Amino acid sequence: MSKKGFLYILGATVIFSTMEIALKLVSGHFNPMQMTFTRFLVGGLFLIPFARGALKKRPGVHIARRDLAKFALLGTIGVLLSMTIYQIALLMAPASVVAVLFSSNPIFVVVFAFLILREPIRKHQVAALALDILGILILIDPLHTQLSPVGIALALISTLLFALYGVMGKKECQRFGGLTVTCGSFLFGGTEMFLFILLTKIPAVAQWFAGQGLDLFANIPLFGGYSWDVLPVVIYICLVNSGLGYACYFMAMEETSASETSLIFFFKPILAPILAFLILHEAITLNMLLGIACILAGSLVSLVPDLLKARRASLPQGKA
């Protein structure tokens, strides 16, 4: 692994490990849809120069109108749906739990890749999936849990949708590069959320949502909640978590292998609960430790064969 690749992975790991904590700090100040709209639209704008630079490195590749439709679909799945549900989950469940659950998304990518792209599932990936599911069950402890069942369910739905977003964007990433696809999906997702927010301001629509007990989606504010106290955290969320974090992630993929970049989601379940304990004073329970251990074991089972394969491929012939 190059020094540059290592620094990108380290940066993305630290930034992604603070994401749930930063969002939790402002969760009481903003509507979840409002916060998601803000961070992804600003994050998408932040990524434009990076995406332009990455696209210029691919001669002959241009974005056509039909490609914009694909970016819009990815924005719907990865931003409008997944990240909105994720934000609501943070209102109902501890940041550390949501962070650990969300870190299991790479193994669900394998399942969706099998179902959608017909990519084969290898034995070690099946074992990793089993360990991940066991870790999630231990973490949740469904028979004795004190966690919000709705919050946990929403965190898992968000994780599955994000995995689906990753698989559906794979072909576009191979053609345009991950930065370009992420930037496009962020901008479209943010725009879609803006249109939805405007829709909720129509009195009849707002009344319907309120009548269904969905006050969270009635007359969603665009600018309410901002103050000098929360502005630094909002800037951090938009520019660092949603902009720089994803830039580091995709630049890590360019400098290293996909399996090495996946180490980000190996270390996040370790670092995020520690940071949540130090900053938010969230307890680290025995169930959480055992669940994290199983999820980490699943990550190791999934990652090690690919890392060894990549290492052997990088060695000169005769030294593997």
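Contact here denotes heavy atoms within 4.5 Å. The structure is a predicted model, in which local features need pLDDT of at least 70, side-chain atom pairs count only at pLDDT 80 or more, and totals for chains, interfaces and linings use all residues. Residues are numbered from 1 along each chain as its sequence is written, and side-chain values use heavy atoms, with hydrogens and water left out.

**View 1. Packing of helix 4 against helix 10**. Helices (H or I, at least four residues) are DSSP runs, numbered from the N terminus. Leu68, Phe71, Ala72, Leu74, Gly75, Thr76, Val79, Leu80 and Thr84 of helix 4 meet Val181, Gly184, Ser185, Phe186, Phe188, Gly189, Gly190, Glu192 and Met193 of helix 10. Classed by residue type, this contact of helix 4 with helix 10 has 10 nonpolar, 7 polar and 1 charged residues; Ala, Val, Leu, Ile, Met, Phe, Trp, Tyr, Cys and Pro count as nonpolar, Asp, Glu, Lys and Arg as charged, and the others, Gly among them, as polar. The axes of helix 4 (residues 65-92) and helix 10 (residues 178-200) lie 7 Å apart at an angle of about 65°. Axes are lines fitted to C-alpha atoms, for helices over the stretch in contact, and angles run from 0 to 180 degrees between N-to-C directions. Helix 4 and helix 10 are therefore roughly perpendicular to each other, a term for angles of 65 to 115 degrees.

**View 2. Alanine 72 in helix 4**. Alanine 72 has a relative accessible area of 18% and is therefore buried (under 20% relative accessible area, 1.4 Å probe, protein chains only). Leaving aside neighbours within four places in sequence, alanine 72 is in contact with Phe188 and Glu192. From C-alpha to C-alpha, alanine 72 and serine 185 are 6.1 Å apart in space, although 113 residues apart in sequence.

**View 3. Threonine 159 in helix 8 (residues 149-168)**. Threonine 159 is buried, its relative accessible area being 0%. Not counting residues up to four places away in sequence, threonine 159 touches Leu101, Phe102, Ser104, Asn105 and Phe108.

**View 4. Helix 6 (residues 105-117) and the residue that follows**. The end C-alpha atoms of helix 6 are 17 Å apart, in agreement with the 18 Å that its 13 residues should span at 1.5 Å a residue; the expected span is 1.5 Å times one less than the number of residues. Asn105, Ile107, Phe108, Val110, Phe112 and Ala113 are buried in helix 6.

Terms used:
Helices (H or I, at least four residues) and strands (E, at least two) are DSSP runs, numbered from the N terminus. Angles under 35 degrees count as roughly parallel, over 145 as roughly antiparallel, 65 to 115 as roughly perpendicular and the rest as oblique. Buried means under 20% relative accessible area, exposed over 50%, partly exposed in between (1.4 Å probe, protein chains only).
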